[in-house]
Amino acid sequence: MSDSKPITLVLTEWQKRMVCDHVPTLRTTPPRQLTLSAIDRLKFVTYRLPPSASLNTGAWNLYLTDAQIKKVSAALGIDVKIAALTIAPTHVKSGAIAFR
């Protein structure tokens with residue numbers, strides 16, 4: 001995905017609450033959108049939890065709406081229904097995932 005344009009997703013109210021639950025620094029100002037700039041396609045998942053080793057480091061899944069699933073699939077150029085994105089603290093720190 002690093003060769004393509006970033007993907008920006010507008011977050012729903014329940015997604016904003018989910019992000020704030022997992023990223024405490026965003027609790028005072030909940031984000032409105034998520035921008036993905038350099039995420040490995042393998043980080044997109046269908047309904048499953050991150051591996052337990054990833055969970056231990058703070059990784060979590062952000063589940064997507066039907067409209068977001070279509071947008072991500074089109075941007076990646078694949079015909080797979082991507083139901084969630086595994087987000088790890090390292091993605092946020094590196095800027096590969098940005099909440100705004």
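What covers the buried residues of α1? The cover includes β1 (7-10), β4 (60-63), α3 (66-76) and β6 (97-99). This is a predicted model, and its protein chain has 4 helices and 6 strands. Here is a friendly tour, from the overall layout down to single residues.

**Overall layout**

- From the N terminus on, the elements of the protein chain follow the order β-α-β-β-α-β-α-β-α-β.
- The protein chain has 100 residues, and 42% of them count as buried.
- Among contacts in the protein chain with a separation of 6 or more, 67% come from residues 24 or more positions apart.
- The protein chain exposes about 6000 Å², and carbon and sulfur atoms supply 56% of that area.

**Confidence**

- The average pLDDT of the protein chain is 83, and 83% of the residues score at least 70.
- Confidence is highest in α1, at a mean of 94, and lowest in strand β3 (residues 44-45), at a mean of 62.
- Where pLDDT is low, predicted coordinates should not be read in detail.

**Helix α1 and the salt bridge**

- Helix α1 spans residues 13-22, and its buried residues are Q15, K16, M18, V19 and C20.
- The structure holds 1 salt bridge, and K16 forms it with E13, with the closest N and O atoms 3.0 Å apart.
- Both partners, K16 and E13, lie in helix α1, 3 residues apart, which is about one turn of the helix.
- Side chains of opposite charge can pair when their charged atoms come close.
- K16 counts as buried because its relative accessibility is 17%, under the 20% cut-off.
- R17 is also found in helix α1, but it counts as exposed because its relative accessibility is 53%, over the 50% cut-off.
- R17 and P30 are 13 residues apart in sequence, while their C-alpha atoms are 7.7 Å apart in space.

**The nonpolar core**

- The largest nonpolar core has 20 residues, and V19, L34, W60, L62, I87, I97 and F99 touch the most other members.
- At least two residues of this core come from each of β1, α1, β2, β4, α3, β5 (84-87) and β6.
- The element that gives the most to this core is α3, with 3 residues.
- In soluble globular proteins, nonpolar side chains tend to be buried together.

- L34 lies in strand β2 and counts as buried because its relative accessibility is 0%.
- Leaving out residues up to four places away in sequence, L34 touches I7, T8, L9, L11, L62, L85, I97, A98 and F99.
- One of these residues, L11, is 23 residues from L34 in sequence, with a C-alpha to C-alpha distance of 6.9 Å.
- Strand β2 covers residues 33-36 and also holds T35.
- Is T35 buried or exposed? T35 is buried, because its relative accessible area is 11%, under the 20% cut-off.
- Which side chain makes a polar contact with the side chain of T35? The partner is the side chain of T8, at 3.3 Å.
- Beyond its neighbours within four places in sequence, T35 is in contact with P6, I7, T8, A96, I97, A98 and R100.

- T57 sits in the loop between α2 (52-56) and β4.
- T57 counts as exposed because its relative accessibility is 55%, over the 50% cut-off.
- T57 and P89 are 32 residues apart in sequence, and the distance between them in space is 7.7 Å, C-alpha to C-alpha.

How values were computed:
Residues are numbered from 1 along each chain as its sequence is written. This is a predicted model: local features need pLDDT of at least 70, side-chain atom pairs count only at pLDDT 80 or more; totals for chains, interfaces and linings use all residues. Side-chain values use heavy atoms; hydrogens and water are left out. Buried means under 20% relative accessible area, exposed over 50%, partly exposed in between (1.4 Å probe, protein chains only). A polar contact is a pair of N or O atoms within 3.5 Å; within protein, one must be able to donate a hydrogen and the other to accept it, and residues adjacent in sequence count only if both atoms are side-chain atoms. Contact means heavy atoms within 4.5 Å. A nonpolar core is a set of buried Ala, Val, Leu, Ile, Met, Phe, Trp, Tyr and Cys residues joined through side-chain atoms within 4.5 Å. pLDDT is the predictor's confidence in each residue, from 0 to 100. Accessible areas come from the Shrake-Rupley method with a 1.4 Å probe; for residues, only the protein chains shown count as cover. A salt bridge is a side-chain nitrogen of Lys or Arg within 4 Å of a carboxyl oxygen of Asp or Glu.
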